[in-house]
Amino acid sequence: MRLSDRLKQRGHEADPAAVPPPVQTDSRGEPAAGDGEASAHTPAAPANHRNASRGNGEGAPRTDPKRRLKQRVQEALFSRLGSRMYDSSMSSDELMSFVQAEIAQIVEAEQTPLSETERATLAREVGDDVLGYGPLQTHLDDPDVTEIMATGTDDIYVERKGRLHRTESRFVSEDHLRRVIERIVGEVGRRIDESQPMVDARLPDGSRVNAIIPPLSVDGPALTVRKFAADPYGVDDLVSFGTLTEPVVDLLRACVVGRLNVLVSGGTGTGKTTMLNVLSSFVPNDERIVTIEDAVELQLQQEHVVRLESRPPNIEGSGEITIRDLVRNSLRMRPERIIVGEVRGAEALDMLQAMNTGHDGSLSTVHANAPRDALSRVETMVLMAGMELPIRAIRDQLASALDVIVHLTRLRDGTRRVTQVSEVVGMEGDVITLQDLFTFDFSAGMDSEGYYQGQLQPTGLRPHFGERLAELGVTLPDRAFGEIPVPSSTKVPGV
Ligand SMILES: Nc1ncnc2c1ncn2[C@@H]1O[C@H](COP(=O)(O)OP(=O)(O)O)[C@@H](O)[C@H]1O
Ligand SMILES: [Mg+2]
């Protein structure tokens, strides 16, 4: 069992009731070392809040006596522990009781008068800091938090229900943040230092972590955690959030069942993987599915799934297995569906070839700003495969391989929406023709709380693939195109 779990089991779990009430950004100097959070009212980029807060809160946390005490205790503990912290001959139980005993002694020797409870809290927090993930732990334990972002020591942001909040949690020093980062990457056998200043790693629960340290990150180490959703959003959740509408669900379900090749596009964090997971859930249960990912995120419910995961090079720089290697290998595994978490590079060529040679019904995602941008990105990726193919040939392949592009956008109100569903129709001269089937109605404006009121609306164009689906016995439901959905008030997560 992990040490942090043990700490928790012994009743050290952070008490949600102890979280201080929300505090505005400008009062940040007051209750320093707590774990509450200040609601950042607009989902703007963290950097903005940070710069805005520089003026009023500067220096305040450093003068907080509790924080100073905690830092002193922590430093004393680190110097007493020394290399024992990494001593593998010590069991985690032994290490923990050792640490607790040391903390008790250090706290005892402190001049600051402390009540029993304060002493216990301090010991618990320092224990968490030294042996666990420090101030991140509370947010890792909080099921509502989906992302955690630490930018330097004083700024820890979390995302809840699609919105960013600035928390009051802090690392006591840059060294502390650095240590937590080293612990995380060390646990998966990687390291972070000047020669390797950015690292992707995964926590034992599957959460994804990216860390980058100075001099690449100018204002101190930056850590980003995308928490693993034990219970990912399903199609009903996405409909209730207004990400897409029932008619679009019908259309996409027909596309997946009818073995069309579907590409989900969008920026980072727009919900591509979540959408891919939902689309994958439409794959009939009797098909053999091979999934290929950089880090396993998809959670398919079907019985017959083979999951493949790429591998980064080891410390000596060898042993890398790329997505492309896995795509090629998967073709020899008699797949009925190939689902690639994200196309980023040369694997695009192999995927297009596979799609054009009988492996239809493939699903994937791509980082792009619009459906047309998705096409040009895939085109560039094919060029990266170094086959010296003429552009025209690549476009031909693209146009015949891809059928549908589902584009996601994270709107200014923080919600994630499908903003376009486009069909890849064919070629006109040298240009791939796209036709929008559904587009998001921005003209509906925003409500009084700043949420977009629009929905996906059919453009009225019927897809050319309708006939192909019909041949397979898949009919497109009329409601997908016939009626214009009446805009209704949309339920947004957390509101
Ligand atoms: N439609 C949605 N509405 C609200 N939150 C969503 C939606 N889709 C995804 N999320 C949340 O957004 C975060 C990023 O989602 P993810 O699918 O991993 O994005 P991407 O693959 O585009 O980077 C996750 O925490 C996820 O739970
Ligand atoms: Mg993703």
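This is a predicted model: local features need pLDDT of at least 70, side-chain atom pairs count only at pLDDT 80 or more; totals for chains, interfaces and linings use all residues.
## Starting point

Helices, taken as H or I runs of at least four residues, and strands, taken as E runs of at least two, are DSSP runs numbered from the N terminus.

## The nine-stranded sheet

Nine strands form an open sheet of mixed pairing, and their order across the sheet is E10-E9-E11-E12-E8-E13-E14-E15-E16. Strand E10, residues 305-309, and strand E16, residues 456-458, stand at the edges with a single partner strand each, so one side of each has no neighbour in the sheet. From one strand to the next, the twist averages 30 degrees.

Strand E12, residues 363-367, has parallel partners in both E8 and E11. Strand E8, residues 262-266, pairs with E12 in the parallel sense over five bridges, and Val-262 has Leu-363 of E12 as its bridge partner. Strand E11, residues 337-340, also pairs with E12 in the parallel sense, over two bridges, with Val-340 opposite Ser-364 of E12. Because four of the five residues of E12 are buried, this strand is largely enclosed by the rest of the structure.

## Helix H7

Helix H7 runs over residues 174-187, and its 14 residues reach 20 Å from the first C-alpha to the last, which is close to the 20 Å expected at 1.5 Å a residue. Its buried residues are His-176, Leu-177, Val-180, Ile-181, Ile-184 and Val-185. These residues cover an arc of only 165 degrees around the axis, and they therefore lie on the same side of H7.

## The shell around ligand 1

Ligand 1 has 18 residues around it, and those that come nearest are Thr-146, Gly-271, Lys-272, Thr-273 and Thr-274. Strand E2, residues 145-151, and helix H10, residues 272-280, each supply at least two residues of this shell, and H10 gives the largest share of it, three residues. Sorted by class, the shell holds five nonpolar, 10 polar and three charged residues.

## Backbone features in loops

Several features of the backbone lie in loops. Pro-214 and Pro-215 are joined by a cis peptide bond with omega of about 5 degrees, and Pro-215 is found in the loop between strand E6, residues 208-212, and strand E7, residues 222-226.

Arg-259, a residue other than glycine, has a positive phi near 60 degrees; it is found in the loop between helix H9, residues 246-257, and strand E8. Arg-259 counts as buried because it has 21 C-beta neighbours inside 10 Å, where the cut-off for burial is 20 or more. Glu-388 likewise is not a glycine and has a positive phi of about 55 degrees, and its place is the loop between helix H13, residues 371-384, and helix H14, residues 391-401. Glu-388, with 6 C-beta neighbours inside 10 Å, counts as exposed, since the cut-off for that class is 12 or fewer.

## Residues apart in sequence

Two pairs of residues give distances between separate parts of the chain. His-165 is found in strand E4, residues 163-167, and is partly exposed, with 19 other C-beta atoms within 10 Å. The C-alpha atom of His-165 is separated by 9.7 Å from that of Ile-148, which is 17 residues apart from it along the chain.

In helix H14 is found Ala-393, which is exposed, with 11 other C-beta atoms within 10 Å. Ala-393 and Asp-430 are 37 residues apart in sequence, while from C-alpha to C-alpha they are 9.6 Å apart in space.

Conventions:
Residues are numbered from 1 along each chain as its sequence is written. Chains are lettered from A and ligands numbered from 1 in the order in which they are written. Two strands pair if DSSP finds at least two bridges between them. Axes are lines fitted to C-alpha atoms, for helices over the stretch in contact, and angles run from 0 to 180 degrees between N-to-C directions. A residue is near a molecule or strand if its C-beta atom, placed from the backbone, lies within 6 Å of it. Ala, Val, Leu, Ile, Met, Phe, Trp, Tyr, Cys and Pro count as nonpolar, Asp, Glu, Lys and Arg as charged, and the others, Gly among them, as polar. The expected span of a helix is 1.5 Å times one less than its number of residues. The arc is that of the directions from the helix axis to the C-beta atoms.
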